[in-house]
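Hello,

Here is the model I promised to pass along.

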Amino acid sequence: MNQLAHKQEQQQEAPNAQESIESCRALFSGSARRAKLRKYYNSLPDKTRGLILIAGGMPPKDYQRKFEDFTDLELHKVRKGMCYLKDAIAGFDFHLGDVRRLRHYQFSSTH
């Protein structure tokens, strides 16, 4: 048998059924998104984590805790804090444009 036919036989082999089922379940279980969320949250600066916690109604002293250390109820509050901050910034963006372009004199009445 030539090399091309041998390669085609190898490619036609179906993967193990159990492996296929597990990979499909992983797509719908949210574990991949949760892993990304955990990695990103843990990499945030302390100040940002504190803001998220305050916005979610938690004490800011918990900013040092890792994502995996929170209970489900606390994680719900973290999510609510992120949503609250997102809504607040989206409101500013809608009414004033990009908030990064606002200057000091636009805030100060003495300038």
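The buried residues of helix α5 pack against α3 (31–43) and α4, where contact means heavy atoms within 4.5 Å. Those buried residues are E74, L75, V78 and G81; buried means under 20% relative accessible area, exposed over 50%, and partly exposed in between (1.4 Å probe, protein chains only). Helices here are DSSP runs (H or I, at least four residues), numbered from the N terminus.

Before going on, please note that this is a predicted model: local features need pLDDT of at least 70, side-chain atom pairs count only at pLDDT 80 or more, and totals for chains, interfaces and linings use all residues. Residues are numbered from 1 along each chain as its sequence is written, and side-chain values use heavy atoms, with hydrogens and water left out.

After α5 comes G97, with a positive phi near 90°.

L85 also lies in α5 and counts as partly exposed, at 30% relative accessibility. Leaving aside residues up to four places away in sequence, L85 touches L51, I52 and A55. L51 belongs to helix α4 (residues 46–55) and is partly exposed too, with a relative accessible area of 48%. Although L85 and L51 are 34 residues apart along the chain, their C-alpha atoms are separated by 8.5 Å.

Best wishes

Technical notes. Helix = DSSP H or I, 4+ residues; strand = E, 2+ residues; numbered from the N terminus.
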